[in-house]
Amino acid sequence: MMPERLPTLQELLAFYVEAGVDCALEETPVNRLADEVVSPPQPTLTSERSLPERTLPPVPASARTVPAAAAAATPPDAAIMAAREAAGTAATLDELRALLDAFDGCALKFTASRLVFADGNPQARLMLVGEAPGRDEDIAGLPFVGRSGKLLDRMLAAIGLDRTSVYIANIIPWRPPGNRTPTPQETQICLPFIRRQIELVNPDVLVCLGNPSSQGILNTREGIMRTRGRWRDYDTGTRTIQAMPTFHPAYLLRSPAYKRLAWQDLRAIRKALAAATS
Ligand code: URA
C-alpha cells in the first residue's frame with residue numbers, strides 16, 4: 001500500500017536514528033540509485049524453466065564491494081588464531097595498537113570510524129576495561145568520553161583518581177553499529193588483544209565494567225549481579241593480579257539505585273590499591 005504522503009526529512013532522520021543508523025560511514029554520500037545496474041545470475045534449476053520469468057532486484061555496484069564481507073568471510077576460528085598470533089608478537093603498547101589497527105579479522109573495524117585503543121596512564125596501577133566504544137568514543141577515538149564516561153570520571157574522583165592515575169580500555173576496540181552488544185564471536189576475536197594489553201600495562205588491580213567485560217575477561221558465564229564486588233584472580237600470563245567486576249556506568253545511569261553497591265565496590269578497589277603500595 002502506498003503511504004498517504006512521503007516522510008519529511010526530519011521524520012526520515014528520526015527513523016534512521018531509531019533504527020541505530022546514527023553516523024555516516026563515508027565522507028561522501030553514495031547515490032545508490034544512480035549506480036550501474038547489474039543483473040543477478042539467472043537460476044539454473046531445470047524446474048525454473050517452467051516458472052514465469054522473474055527478475056530479482058538489481059544489486060547496486062557500491063553494495064557489492066563491502067570490506068566487512070571479507071572479515072566476515074574469515075572463519076571465526078582462523079580470526080581468533082590470527083588475533084592470538086598478532087597480539088602475542090606485541091612487545092609494547094604502541095606495537096599492540098599498530099597491530100590492532102592493521103588487523104582485519106573483525107568485521108566491526110569496517111563499520112567503525114576509527115580504532116579506540118585506550119586512554120589514561122600506561123603506568124597506572126589500576127586498569128579498567130569496558131565493553132565497546134559508543135558514538136562519542138568512535139568520534140573522539142578515546143574510550144569513555146560520552147555520558148557514561150562522565151559518570152566514570154565522577155566515580156574515579158570519588159576515590160581520588162583520574163585519567164592520569166588509571167588506564168582505560170575496552171574488550172572491543174571498534175564501535176558496534178548502532179551501539180549494539182558485540183556478538184560472542186566478535187568478543188572472542190578481540191579478546192587476545194585486550195589480554196595482551198592487560199599484560200603489557202601490568203596493573204595491580206583490574207576492574208571489569210559490566211557483563212561483557214567481566215564474562216569475557218574472567219571467562220565466566222555468571223552474570224554481573226552475582227560477580228560484582230567479588231575479587232577474582234586474573235592470570236596475565238606472567239603474574240596473577242586481583243580483578244573485580246562491577247557495574248558499567250551506563251547501567252548505573254539507567255538504574256541509579258545500584259550506585260550504592262557500586263560505591264561499595266569502589267571502596268574495596270581503593271583499599272586494594274592502598275594495600276598494594278604498602
Ligand atoms: N561504554 C563502554 O563500554 N566503553 C566506552 O568506551 C564507552 C561506553
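Q: What does the backbone of F144 do at the ligand?
A: A backbone N or O atom of F144 lies 2.9 Å from an oxygen atom of the ligand, a polar contact being a pair of N or O atoms within 3.5 Å. This is a predicted model, where local features need pLDDT of at least 70, side-chain atom pairs count only at pLDDT 80 or more, and totals for chains, interfaces and linings use all residues. Residues are numbered from 1 along each chain as its sequence is written, and side-chain values use heavy atoms, with hydrogens and water left out.

Q: And how far is H248 from a ligand oxygen?
A: A polar side-chain atom of H248 is 2.7 Å from an oxygen atom of the ligand.

Q: Which ligand atom does the A132 backbone face?
A: A nitrogen atom, which lies 3.1 Å from a backbone N or O atom of A132.

Q: How much of the ligand's accessible area does the protein cover?
A: 92% of the 240 Å² that the ligand has on its own, by the Shrake-Rupley method with a 1.4 Å probe.

Q: Switching topic: how many disulfides?
A: Zero in the whole structure, counting pairs of cysteine sulfur atoms within 2.5 Å.

Q: Is C190 buried or exposed?
A: Buried, with a relative accessible area of 2%; buried means under 20%, with a 1.4 Å probe and protein chains only.

Q: What about C208?
A: C208 is buried too, at 0% relative accessibility.

Note on methods. Polar contact = N/O pair within 3.5 Å; in protein donor to acceptor, adjacent residues only side chain to side chain. Buried < 20%, exposed > 50% of the residue type's maximum accessible area, 1.4 Å probe, protein only.
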